[in-house]
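Dear colleague,

I am handing over the structure we spoke about, and below it I have set out what was found. Please read the notes with the structure open beside them.

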Amino acid sequence: MAFKISNLILQTGRKKNKGTTYKDEGNSNIDFQTNLVSSMAKINSKISENALTSNELSFFWKLDQLLINGLSAGGFGWRTIRNVESFLSSVTSPMNFSREKALDYQVAQRILPKLRGTNENFQSLLKLENNKLDGKIIDLLDENDELSSFEKSREVLLKKARELWVTGFVS
């Protein structure tokens with residue numbers, strides 16, 4: 001879509017936006033549009049190159065199903081997955097931040113805050129027994145240890161489990 005719009009702008013040399021007309025002033029507008037199209041193409045190819053793997057998609061699908069079946073608030077939507085995918089595509093090796101760590105942070109920051117409910121809701125999903133985490137969510141993280149160690153996610157889950165044990169609910 002952006003490419004077609006840019007081609008239209010390149011052909012006409014102007015664009016209307018809320019009643020304002022932008023005119024072509026020499027080649028600067030054409031150069032800007034060419035650079036914009038090029039940049040968007042690079043971004044789109046980077047996202048598709050670094051899209052979620054089938055294992056990652058499977059993990060998110062299983063996690064979503066656990067939350068839908070276990071919590072009245074439900075799971076998470078496709079926008080959340082797109083945001084995770086976008087974030088993971090921006091992680092590069094010079095950043096000294098691995099994909100595994102980025103995946104863990106996205107689970108901890110985007111998905112786990114959605115966990116809300118009472119003790120009854122969390123009976124099979126998350127438990128704290130002898131100061132050790134247990135439950136279906138922990139089992140899923142353990143099953144997918146090739147994706148990440150999920151250290152940050154486990155910290156968040158431990159906090160939630162303690163809150164659940166003390167207050168009887170998680171918000």
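What pLDDT does the protein average, and what share of the residues score at least 70? The protein averages a pLDDT (the predictor's confidence in each residue, from 0 to 100) of 79, and 70% of the residues reach a score of at least 70. This is a predicted model, in which local features need pLDDT of at least 70 and side-chain atom pairs count only at pLDDT 80 or more, while totals for chains, interfaces and linings use all residues. Residues are numbered from 1 along each chain as its sequence is written, and side-chain values use heavy atoms, with hydrogens and water left out.

Confidence is highest in α6, at a mean of 97, and lowest in helix α1 (residues 2-12), at 41; helices here are DSSP runs of H or I with at least four residues, and strands are runs of E with at least two, numbered from the N terminus. Over residues 1-17 the pLDDT is below 50, and this stretch has 22 contacts in the model beyond near neighbours in sequence, a contact meaning heavy atoms within 4.5 Å.

The search of the whole structure finds four salt bridges, each being a side-chain nitrogen of Lys or Arg within 4 Å of a carboxyl oxygen of Asp or Glu. One of them joins Glu 56 to Arg 99, with the closest N and O atoms 2.9 Å apart. Because Glu 56 lies in helix α3 and Arg 99 in helix α5 (residues 99-111), this pair ties together parts that are 43 residues apart in sequence. Glu 56 is buried, with a relative accessible area of 4%, whereas Arg 99 is partly exposed at 23%; buried means under 20% relative accessible area, exposed over 50%, and partly exposed in between, with a 1.4 Å probe and protein chains only. Leaving aside residues up to four places away in sequence, Glu 56 also touches Ala 51, Leu 103 and Leu 147.

Another salt bridge pairs Glu 85 with Arg 82, at 3.8 Å between the closest N and O atoms, and these two residues sit three apart in helix α4 (residues 78-90), or about one helical turn. Here Glu 85 is buried at 13%, while Arg 82 is partly exposed at 48%.

Finally, Asn 144 is found in the loop between α6 (136-143) and α7 (151-167), where Asn 144 is buried at 8% relative accessible area and touches Phe 59 and Phe 150, not counting residues up to four places away in sequence.

With kind regards
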